[in-house]
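This briefing summarises the fold and selected contacts of one protein chain. Please consult the sequence and the model shown here alongside the points that follow.

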Amino acid sequence: MAGEFAGRKLKQQRQHFKWKKRGYKYRALGWAKKKDPFEGAPQATGLVLAKRVVEQKQPSSGLIKCVRVRIIKNGKQVTAHMPRTGAINFVSEHDQVVVAGIGGSQGGSVGSMAGVKYKVIKVNDISLEQLRTGKKQRATK
């Protein structure tokens with residue numbers, strides 16, 4: 001039991017033992033931002049390295065169309081989902097894309113897409129949705 005004048009000691013101990021808690025340490029040292037490939041930004045531009053398919057988690061089955069993207073500002077690589085039917089046909093290697101978070105809880109993946117935390121929004125500065133629906137044409141080089 002703490003004594004009548006033990007307040008200072010108790011406060012010091014609490015400050016010390018806070019650092020044993022993983023959540024506090026992550027928050028206080030800013031590790032989440034350091035670990036994040038976007039470095040705290042909502043979106044990032046990158047270059048497409050390769051197209052790939054990712055298998056869904058159990059009990060779902062199917063292949064999810066994704067692209068491997070190298071973020072320009074720091075060189076980190078992420079796997080980004082190509083949303084909706086036929087979207088994969090509008091991107092090719094070395095295209096510049098804008099990538100955003102997919103919107104899972106705590107910055108994670110959604111549903112049966114294991115390890116896929118990001119989605120492609122734009123391809124060569126044209127909205128992917130407009131390309132997909134035929135409202136805009138892909139620029140020819």
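In which sense do S2 and S3 pair, and over how many bridges? S2 and S3 are antiparallel and share five bridges. The model is predicted: local features need pLDDT of at least 70, side-chain atom pairs count only at pLDDT 80 or more, and totals for chains, interfaces and linings use all residues. Residues are numbered from 1 along each chain as its sequence is written, and side-chain values use heavy atoms, with hydrogens and water left out.

**Overall fold**
- The protein chain has four helices and six strands (DSSP runs numbered from the N terminus: helices are H or I, at least four residues; strands are E, at least two).
- From the N terminus, the order of elements is α-α-α-β-β-β-β-β-β-α.
- The C-alpha trace spans about 80 × 35 × 25 Å along its principal axes.

**Strand pairing**
- Strands pair if DSSP finds at least two bridges between them.
- S1 (residues 43–55) and S2 (residues 63–71) run antiparallel and are joined by nine bridges; Leu 47 has Arg 70 in S2 as its bridge partner.
- Cys 66 stands opposite His 81 in S3.
- Five residues lie between the strands in the hairpin of S2 and S3, where Gly 75 takes a positive phi near 80°.

**Asp 95**
- Asp 95 lies in the loop between S3 (77–81) and S4 (96–101).
- Asp 95 counts as buried because its relative accessibility is 0% (buried: under 20% relative accessible area, 1.4 Å probe, protein chains only).
- The Asp 95 side chain makes polar contacts with the side chains of Asn 124, at 3.5 Å, and Arg 138, at 2.9 Å (N or O atoms within 3.5 Å; within protein, one must be able to donate a hydrogen and the other to accept it, and residues adjacent in sequence count only if both atoms are side-chain atoms).

Key: Buried < 20%, exposed > 50% of the residue type's maximum accessible area, 1.4 Å probe, protein only.
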